[in-house]
Amino acid sequence: LYYDTEDVRREITFSFLDAGLPRGEAVVYLVSEHKLNSEAREIQRYGISGDYLRNGAFTLMSAHEWYLKKGKAQAKTIIANLQTLLKEKQKAGFKGLRASGEMNAFFDYAKTKELLRYEAALGRQLAFDICGLCLYDTQRLDEKQIVQLNKCHGHAISKDIALKMT
């Protein structure tokens, strides 16, 4: 998802995450550390039931902690952690994992090369029981990065369009 406002990001992301809950999927939402409290309020304001938060179906986490371990962003480690989380959630009775994450952590720590390696590896290594939506603030991207990211993904969503990449 390429977004230019918080409202657009929330509208599309919350709809994406909410769609997995009644299907028995666990949901993980990765946001910037400074947004954790405000996003928790926005999730409830959107109408996602607190029951999902209490029963472990919906997890809100720091994107910085998830993507950057000890200042390093390694695609192999991030993907392995995602697959481990999927197994944990399946063991707890969930059918799959639906994840959405803000990618700003990579830009905040000048890890754009690592981000592109991660995105390139993601499609080749994810289990079929995982569905993901990567969130990109268009103000943080240049044209070359958008082209590279589009090559990594099969689809792109923007405010007014959805594109299928070939």
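**The aromatic rings**

Mentor: Tyr67 counts as buried, at 4% relative accessibility (buried is under 20% relative accessible area, exposed over 50% and partly exposed in between, with a 1.4 Å probe and protein chains only). Tyr118 is also buried, with a relative accessible area of 4%. The model is predicted, so local features need pLDDT of at least 70 and side-chain atom pairs count only at pLDDT 80 or more, while totals for chains, interfaces and linings use all residues. Residues are numbered from 1 along each chain as its sequence is written, and side-chain values use heavy atoms, leaving out hydrogens and water.

The structure holds 6 aromatic pairs (rings of Phe, Tyr and Trp, taking its six-membered ring, with centres within 6.5 Å; planes under 30 degrees apart are stacked, over 60 edge-to-face, the rest tilted). Phe14 and Tyr29 are edge-to-face, because their ring centres are 5.8 Å apart and their planes stand at 85°. This pair links distant parts of the chain, 15 residues apart: Phe14 is in helix H1 (residues 6-20) and Tyr29 in strand S2 (residues 25-31) (DSSP runs numbered from the N terminus: helices are H or I, at least four residues; strands are E, at least two). Phe14 is buried at 2% relative accessible area, and Tyr29 is buried at 0%.

Tyr67 and Tyr118 form an edge-to-face pair, 5.8 Å centre to centre with 65° between the planes. They also link distant parts of the chain, 51 residues apart: Tyr67 in helix H4 (residues 63-67), Tyr118 in helix H7 (residues 112-125).

Phe14, Tyr29 and Tyr46 form one aromatic cluster. Arg98 lies over the face of Phe16, 4.9 Å from the ring centre (NZ of Lys or CZ of Arg within 6 Å of the centre and within 35 degrees of the ring normal).
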